[in-house]
Amino acid sequence: MNAADQSELIRTAQGGDSQAFAQLLANQYDSIYRFAYRWCGNPSDAEDITQLACIKLAQTIAQFRFEAAFSSWLYRLVINCAKDWYKSQNRHQHDNIDHWIEPERAPDQTAENSIYLQQLLGLLDQMAEGFKEAALLVHGEGLSHAEAAAILQVKESTVSWRLHEIRKQLQLLQQQPDGSWELSL
Amino acid sequence: MNKTPMNEDDLKQLLQQQPPAPDAETKARHMAAAMAAFSAQQKPEVENLSTVATPANETCASEKKSNILQGFFQRLRLTRDTNHHGTKPMNTSSFEQRPFWQKPALISGIAASSLAVLAGLTFMQHLMINSDQEELAARIAEQSLSKTVPLIVQEPAAEASVSLQRVEKIAISPKMKAEVQPMALAAPAPMVEEIIVNQPSQEFRDRFEDFKENSVIATSENPVSTFSIDVDTASYSFVRRMLNNGQLPEKDAVRTEEMINYFDYAYPLPRDKKTPFVTYTSVIDSPWKAGNKLIHIGIQGYQLAASEIPQSNLVFLLDVSGSMDEPSKLPLVKQSMSLLLDTLKPDDTIAIAVYAGAAGTVLEPTKVKEKSKILAALNNLQAGGSTAGAEGIALAYQLAEANFNAKGVNRIILATDGDFNVGQTGDEQLQDFVERKREKGIYLSVLGFGQGNYQDAMMQTLAQNGNGTAAYIDTLSEAQKVLVTEATSTLFPIAKDVKIQVEFNPNTVKEYRLIGYETRALNREDFSNDKVDAGEIGAGQRVTAIYEITPVGAQSGLLEDSRYQPKNKVDASNSSEYAFLRLRYKLPSETKSNLIETPIAVARKVKINAEYQQEVNFSIAVAGFAQLLKGSNYAGNFTYDKVIELAQANKGKDEYGYRTEFVQLVRKAKVAQ
């Protein structure tokens with residue numbers, strides 16, 4: 001699906017055509033879910049975030065002004081949803097342990113990786129605001145620093161600096177004999 | 001496998017792993033929810049559209065929903081009363097109910113306080129605007145600083161100046177916000193680069209050759225001491241830099257002879273060019289060990305008259321690698337080189353070669369007359385990249401050979417922090433290369449810059465084997481000293497392969513020790529062997545060497561008498577001399593050495609000149625200081641306070657303030673202890 005088709009679809013959806021919107025959402029659903037999963041590292045949270053994002057998309061599609069790429073706009077939307085969702089979760093004093101892994105839904109290998117991903121995301125969460133987004137966009141989604149900067153609405157240099165900081169933090173992580181990563185100070 | 005730090009690849013791998021596919025059922029549920037939201041979103045819009053279509057309805061709706069006369073403006077509404085029973089409340093205070101004499105005060109009070117609020121707001125606004133300006137200016141200054149971290153060697157300076165101009169414009173312009181955006185774009189990713197560049201300097205990686213201090217030698221075992229002269233001054237400048245930072249230098253960085261030879265002792269000049277040196281010797285009591293004596297040897301080189309100064313063919317070989325990108329490095333190099341330019345004659349030629357990742361010629365041999373061209377080439381240089389030093393040196397020799405001046409002085413001046421990390425980087429390989437080139441009559445001088453990654457051993461190797469001197473430039477005033485005040489001695493050699501041999505008289509000297517010159521020691525047989533390389537002396541330069549001796553009969557010696565070797569019978573006929581000094585040198589164009597011989601007498605017949613004595617005493621103060629800094633085993637009961645006392649008493653005229661500075665350094669060393 002090329003860009004022209006996509007913007008045509010968006011325009012139609014903005015006009016109130018629910019068919020077009022359904023088509024658009026079906027196209028984007030997987031990438032929304034993928035990003036949400038990378039954000040939180042487990043399927044159930046990812047689903048919650050995805051739902052939020054879908055509804056948000058429905059409500060705000062009319063506000064998309066074609067000033068930036070649709071994908072950038074969508075990334076920003078999902079990031080905002082994810083942040084909102086986390087805030088609401090923290091308000092409920094959710095214990096991290098019980099939504100860490102759900103082995104019955106994933107093969108072993110994935111479950112193990114999921115643990116490491118959780119650890120990594122935990123580390124990124126501990127860093128200041130904006131670091132996690134930068135890492136996910138550049139390393140996870142494979143965007144360039146400039147693209148990530150456009151999405152996060154910061155300067156490119158800021159993204160580069162954040163990634164550099166993350167790299168420095170990672171140096172402190174030591175791989176344990178059992179393959180897990182642990183913070184060594 | 002275990003205990004490896006996590007790296008970026010692990011990070012990527014973790015972040016990029018494909019998440020499990022979304023559950024189809026959930027997906028359907030989400031889609032439905034979204035669709036519901038979407039249609040809910042569309043409905044009010046549809047309603048709105050219908051209201052636009054019927055303007056009559058609209059006015060009515062707007063009247064109904066009017067919220068203009070609400071809240072504060074409530075009293076302006078067209079209602080009869082604020083309460084519903086049409087009476088005026090008695091107990092609520094209102095303006096009308098005030099006694100009439102209170103009304104003016106109330107009104108003026110309200111007026112005054114509203115004025116105060118207005119003034120306060122204006123003031124706050126002013127503050128906010130100004131702070132914005134300051135912050136912006138600071139940020140822009142930072143960015144333009146980091147902008148001078150380009151990666152290309154020959155990038156024109158024009159771009160940098162453009163961005164500077166832009167900075168000025170922004171700082172003045174009232175329409176700041178509009179200008180900020182392009183500026184921010186003009187400085188891509190400055191922070192990361194800055195961090196990466198700065199990191200190495202935090203480490204302490206200065207490299208010095210290890211050496212052990214000369215020890216005490218019994219005259220009966222080895223009466224002959226041989227060494228090459230050393231007119232380098234690098235060690236003193238480096239030590240000064242460290243002390244000025246409040247740190248004691250590492251012991252190997254302190255080379256006593258270079259500390260001593262830093263100062264311009266006013267030994268009387270030789271009369272003519274034929275014998276380019278005069279030697280002066282004197283014997284005085286050791287200030288740090290009672291009973292011991294110091295033999296002070298001063299050598300003064302011939303000073304060239306202005307008319308005698310030969311033409312020079314200089315090649316500046318400048319290190320512009322990334323490691324040179326510090327205020328105390330490349331900018332100082334440029335300033336130093338332009339200083340040197342002023343001391344040259346119009347007919348002299350200059351070429352500039354640089355090296356970073358690769359070596360290149362920046363300026364073909366150019367007459368000093370075309371000064372603006374040379375300066376322009378110098379100022380265009382920017383630092384970045386790795387360091388292919390060996391390649392640079394080869395290129396510089398090529399340039400010097402291409403423009404070889406048989407009558408003049410051909411010299412390469414290498415300015416670097418000594419970090420050669422690309423190409424033949426071993427000290428020894430480079431040494432071989434430089435040695436081979438030396439035979440062709442091209443001198444190599446080394447100017448060291450910077451700190452944190454200073455490769456002193458490499459610089460020494462290059463300068464010693466390239467028939468040159470090594471100086472360390474820590475400040476612009478040091479550049480002034482080396483390249484302007486002492487330009488003739490830096491540039492024009494009057495003798496090469498200068499060696500000193502002292503034979504001690506076993507009848508009068510029990511044991512001796514050479515202070516400093518550890519890295520310059522020669523074998524006894526090297527002295528008369530003209531094939532063996534040694535140090536050079538420039539025009540007007542002076543060299544000082546000091547021996548500490550224990551005379552026969554004194555109790556201050558460190559060595560025990562041998563039980564088995566026959567005791568030396570004191571030969572009365574031969575006991576008027578402590579030692580015999582031999583000095584060998586070659587004139588710059590010659591290959592055969594000349595010999596100067598001077599006996600060092602026990603008792604001096606001629607009265608010592610007070611000025612000369614003062615110079616001797618000062619050099620001994622410096623030697624004592626160097627020994628203390630090195631933590632020498634032979635420093636005796638000398639202290640920093642005694643160094644200060646001795647130096648203060650013998651400061652002399654001190655035209656350039658070097659000796660005053662020395663006293664300050666001793667004080668700093670005392671504090672840094």
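A: A residue is buried when its relative accessible area is under 20%, exposed when it is over 50%, and partly exposed in between (1.4 Å probe, protein chains only). This is a predicted model, in which local features need pLDDT of at least 70 and side-chain atom pairs count only at pLDDT 80 or more, while totals for chains, interfaces and linings use all residues. Residues are numbered from 1 along each chain as its sequence is written, chains are lettered from A and ligands numbered from 1 in the order in which they are written, and side-chain values use heavy atoms, with hydrogens and water left out.

Chain B has 673 residues, of which 46% count as buried. Its secondary structure comes to 19 helices and 16 strands; these are DSSP runs numbered from the N terminus, helices being H or I of at least four residues and strands E of at least two. Among the contacts in chain B with a separation of 6 or more, 79% are between residues 24 or more positions apart, a contact being heavy atoms within 4.5 Å. The chain exposes about 34500 Å², and carbon and sulfur atoms supply 54% of this area, by the Shrake-Rupley method with a 1.4 Å probe; for residues, only the protein chains shown count as cover.

In chain B, six strands form an open sheet with mixed pairing, in the order 7-6-5-8-9-10; two strands pair if DSSP finds at least two bridges between them. Strand 7 (359-367) and strand 10 (470-473) of chain B each have a single partner strand, so these two are the edges and one side of each has no neighbour in the sheet. On average, and with direction ignored, neighbouring strands of this sheet are turned by 20 degrees against each other.

Within the sheet, strand 8 (residues 409-416) of chain B runs parallel to strand 9 (residues 442-449) of chain B, and seven bridges join them. In this pairing Asn410(B) stands opposite Ile442(B) of strand 9. Helix 10 (residues 330-343) of chain B lies across strand 5 (312-319), strand 6 (349-355), strand 8, strand 9 and strand 10, and runs at about 170 degrees to strand 5. Such angles run from 0 to 180 degrees between N-to-C directions, with axes fitted to C-alpha atoms, for helices over the stretch in contact.

The loop between helix 14 (456-465) and strand 10 of chain B holds Asn467(B). The phi of Asn467(B) is near 55 degrees, which is positive although the residue is not glycine. Most residues other than glycine have a negative phi. Asn467(B) counts as buried because its relative accessibility is 7%.

Next come the charged pairs. The structure holds 30 salt bridges over all chains, each a side-chain nitrogen of Lys or Arg within 4 Å of a carboxyl oxygen of Asp or Glu. In one of them, the closest N and O atoms of Arg240(B) and Glu478(B) are 2.7 Å apart. Arg240(B) lies in helix 8 (residues 234-244) of chain B and Glu478(B) in helix 15 (residues 476-485) of chain B, so that distant parts of the chain, 238 residues apart, are linked. Both Arg240(B) and Glu478(B) are buried.

Another salt bridge joins the side chains of Glu401(B) and Lys437(B), at 3.2 Å from N to O. Glu401(B) belongs to helix 12 (residues 389-402) of chain B and Lys437(B) to helix 13 (residues 427-438) of chain B, so parts 36 residues apart in sequence are tied together. Glu401(B) counts as partly exposed because its relative accessibility is 28%, whereas Lys437(B), at 17%, counts as buried. Salt bridges with shared partners also join Arg240(B), Asp474(B), Glu478(B) and Glu661(B) into one network.

Lys373(B) and Glu370(B) form a salt bridge through their side chains, at 3.9 Å from N to O. Lys373(B) is partly exposed at 44% relative accessibility, and Glu370(B) is partly exposed at 38%.

Six of its seven residues are buried, so strand 12 is largely enclosed by the rest of the structure. Six bridges join strand 12 to strand 14 (residues 542-551) of chain B, and the two run antiparallel. Tyr512(B) stands opposite Ile549(B) of strand 14.
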